[in-house]
Amino acid sequence: MARAHTAVAAHAAADVSRHGLTLAEFGILEALYHRGPMLLGEVQKRILVSSGGITFLVDRLVAKELVERRSCESDRRARYAALTPKGVALVADIFPAHAAVVARAMEGISSEEQQQVADLLRDMGRHAAMMPGPHHD
């Protein structure tokens with residue numbers, strides 16, 4: 001699993017790096033593009049980074065004027081991340097070609113097999129997430 005992920009991720013990372021982005025930064029942009037403004041904690045869970053990592057990544061995207069932070073009216077401590085118009089335009093421009101790069105990297109198995117793998121990995125992940133943590137003696 002790890003080797004397959006690394007091989008596919010290398011193609012994805014190379015593609016987004018052409019636009020001055022890391023794969024994690026693109027993951028944030030893609031999540032916001034498809035889901036709309038999200039609480040930073042939701043973005044963090046979606047792209048699997050630490051709370052410090054999400055702050056660092058969003059700071060970089062804010063500096064690039066691709067993302068903005070917004071206040072949450074119901075919880076003054078919470079902050080939303082949202083795409084700026086520049087961010088929307090960038091993702092709309094590069095996403096179709098990026099999706100094609102990832103699809104080409106996964107052509108080693110049929111689309112039906114890809115769906116089966118996705119279903120199996122989702123089930124495995126859910127099961128592992130529900131298990132108690134490892135015990136240290």
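**Figure 1. Burial and overall make-up of the predicted model.** Buried residues make up 26% of the 137 residues in the protein. Buried means under 20% relative accessible area, exposed means over 50%, and partly exposed lies in between (1.4 Å probe, protein chains only). This is a predicted model, in which local features need pLDDT of at least 70 and side-chain atom pairs count only at pLDDT 80 or more, while totals for chains, interfaces and linings use all residues. Residues are numbered from 1 along each chain as its sequence is written, and side-chain values use heavy atoms, with hydrogens and water left out. The secondary structure comes to six helices and three strands. Helices (H or I, at least four residues) and strands (E, at least two) are DSSP runs, numbered from the N terminus. Along the sequence the pattern reads α-α-β-α-α-β-β-α-α. The C-alpha atoms fill a box of roughly 45 × 40 × 25 Å, taken along the principal axes.

Figure 2. The accessible surface comes to about 9400 Å², and 58% of it belongs to carbon and sulfur atoms. These areas come from the Shrake-Rupley method with a 1.4 Å probe; for residues, only the protein chains shown count as cover. The protein carries 16 positive and 16 negative side chains. The centres of the two sets lie 6 Å apart. Lys and Arg count as positive and Asp and Glu as negative, with His and the chain ends not counted. Each charge is placed at NZ of Lys, CZ of Arg, CG of Asp or CD of Glu. Of the contacts with a separation of 6 or more, 49% join residues 24 or more positions apart. Contact means heavy atoms within 4.5 Å.

**Figure 3. The largest nonpolar core.** This core has 21 residues. Those with the most contacts inside it are L21, I28, L29, L32, L61 and V67. The elements α2, α3, α4, β3 and α5 (85-105) each give two or more residues to this core. The largest share, five residues, comes from α2. A nonpolar core is a set of buried Ala, Val, Leu, Ile, Met, Phe, Trp, Tyr and Cys residues joined through side-chain atoms within 4.5 Å. In soluble globular proteins, nonpolar side chains tend to be buried together. Leaving aside residues up to four places away in sequence, L61 touches L21, E25, I28, L29, L66 and V67.

Figure 4. L40, V43 and I47 are the buried residues of α3. They cover an arc of only 60° around the axis, so they lie on the same side of α3. The arc is that of the directions from the helix axis to the C-beta atoms. These buried residues pack against α2, β1, α4, β2 and β3 (79-83). Just after α3, L48 takes a positive phi of about 60°. Most residues other than glycine have a negative phi. L48 sits in the loop between α3 (40-47) and α4 (51-63). L48 is exposed, with a relative accessible area of 74%.

Figure 5. P37 lies between α2 (23-35) and β1 (38-39). P37 counts as partly exposed, because its relative accessibility is 45%. Beyond residues up to four places away in sequence, P37 touches L32, R70, Y80, A81 and A82. P37 and L66 are 29 residues apart along the chain, and their C-alpha atoms are separated by 13 Å.

Figure 6. E65 is found in the loop between α4 and β2 (67-71). The phi of E65 is near 60°, a positive value in a residue other than glycine. T84 occupies the loop between β3 and α5. T84 is buried, with a relative accessible area of 11%. Not counting residues up to four places away in sequence, T84 touches E65, L66, V67 and E68.

Figure 7. D15 lies in helix α1 (residues 2-17). D15 is buried, because its relative accessible area is 6%. With residues up to four places away in sequence not counted, D15 touches H98 and V101. D123 lies in helix α6 (residues 111-130). D123 counts as partly exposed at 47% relative accessibility. D123 and H98 are 25 residues apart in sequence and 26 Å apart in space, C-alpha to C-alpha.
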